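User: Hi! Could you walk me through this structure in simple words?
Analyst: Happy to, here it is.

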Amino acid sequence: MITHKQFDNGFKYIEIENNQAEAKIALQGAHLFHYKVKDKPSLLWLSEAAYFEEGKAIRGGIPVCFPWFGKNKDNPSLPQHGFARTQVWTVVLEEETGEGTTHIRLQLKPNAYTLAQWAYLFDVTLDITIGHKLSIALSVTNTDTKPFEISTALHTYFNVSNIDNISIKGLDNKAYYDALEEKTSIQHGDIFIQEEVDRVYSYPSETITLFDGDAKVNLQQEGSNSLVVWNPWIEKSKQMSDMTEDGYRTMVCLETSNAREDSRVLKPNESHVLKAVVSQEIDTTVKY
Ligand code: TA6
């Protein structure tokens, strides 16, 4: 079932429920902010202090970073992570598929606001498929007459029982840019989060696995040779008005991206798809 709803302040979202899972997608940012497979814990973390207000990115779920990831290289005063996550997208397709899943396609086209920040013509769609697995794909097409460069991310916030319990596998021996140290290092072994972490890993393994006690979350990426790992930890959490002080303890971001050296140049009429597929293996005896 697909229902169009809105909060009291008029903030619009789509509610999805099928036999496999449930989800909520805000029209602003095409922002998936809730996804839960039946009989499993919610996969996506959502801040208790998240804004659901026009022009403010939702803290949690899967923000879409486009047409740049991080700060804009040419004009750092522009909004971090680009304009896609604060623009209202249009629903162009809603379907209950034959496999019992629900597929929604949303589209963003240029407007005066986007052209003022980034003077290119583009067609961007986000395809979200809700079922036992979550599939999310960002498709960018250059509809201009000149090439453009994009850096993007599906900035996924994963729910964890406790940050002390988790480990991340699939990045061993991978090089990463440490945004805090502003230098490149090599990952040795699994990742454990015991401080602020803000890293862009290059050429991650095809499957990244998040272990949380007896729970496992598998992240598979297509169209991406970079993965961002982020946790704000204590001090950064205090600096964010849409993050509770202990919010960092129950989240970690694993972001399928085309970030830094993995940015992409699209010629006119060229397209690129950035895709993430997430599945959960849960031992149902684990209590959340
Ligand atoms: O993906 C990591 C990161 O770039 C961090 O540096 C931090 O800024 C995070 O994104 C959240 O960014 P936001 O603009 O959503 O507060």
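Analyst: Let's start with Asp123: leaving aside neighbours within four places in sequence, Asp123 is in contact (heavy atoms within 4.5 Å) with Gln107, Leu108, Lys109, Ser139, Val140, Thr141 and Thr143. One caution: this is a predicted model, where local features need pLDDT of at least 70 and side-chain atom pairs count only at pLDDT 80 or more, while totals for chains, interfaces and linings use all residues. Residues are numbered from 1 along each chain as its sequence is written, and side-chain values use heavy atoms, with hydrogens and water left out.

User: How far is Asp123 from Thr143 between C-alpha atoms?
Analyst: Their C-alpha atoms are separated by 6.5 Å, and the two residues are 20 residues apart along the chain.

User: And which side chain makes a polar contact with the one of Asp123?
Analyst: That of Gln107, at 2.9 Å. A polar contact is a pair of N or O atoms within 3.5 Å; within protein, one must be able to donate a hydrogen and the other to accept it, and residues adjacent in sequence count only if both atoms are side-chain atoms.

User: New topic: what surrounds the ligand?
Analyst: The residues around the ligand (near means a heavy atom within 4 Å) include Arg59, His155, Asp198 and Trp230.

User: How close do the polar side-chain atoms of Arg59 and His155 come to a ligand oxygen?
Analyst: For Arg59 the distance is 2.9 Å, and for His155 3.0 Å.

User: What about Asp198?
Analyst: An N or O atom in the Asp198 side chain is 2.5 Å from an oxygen atom of the ligand.
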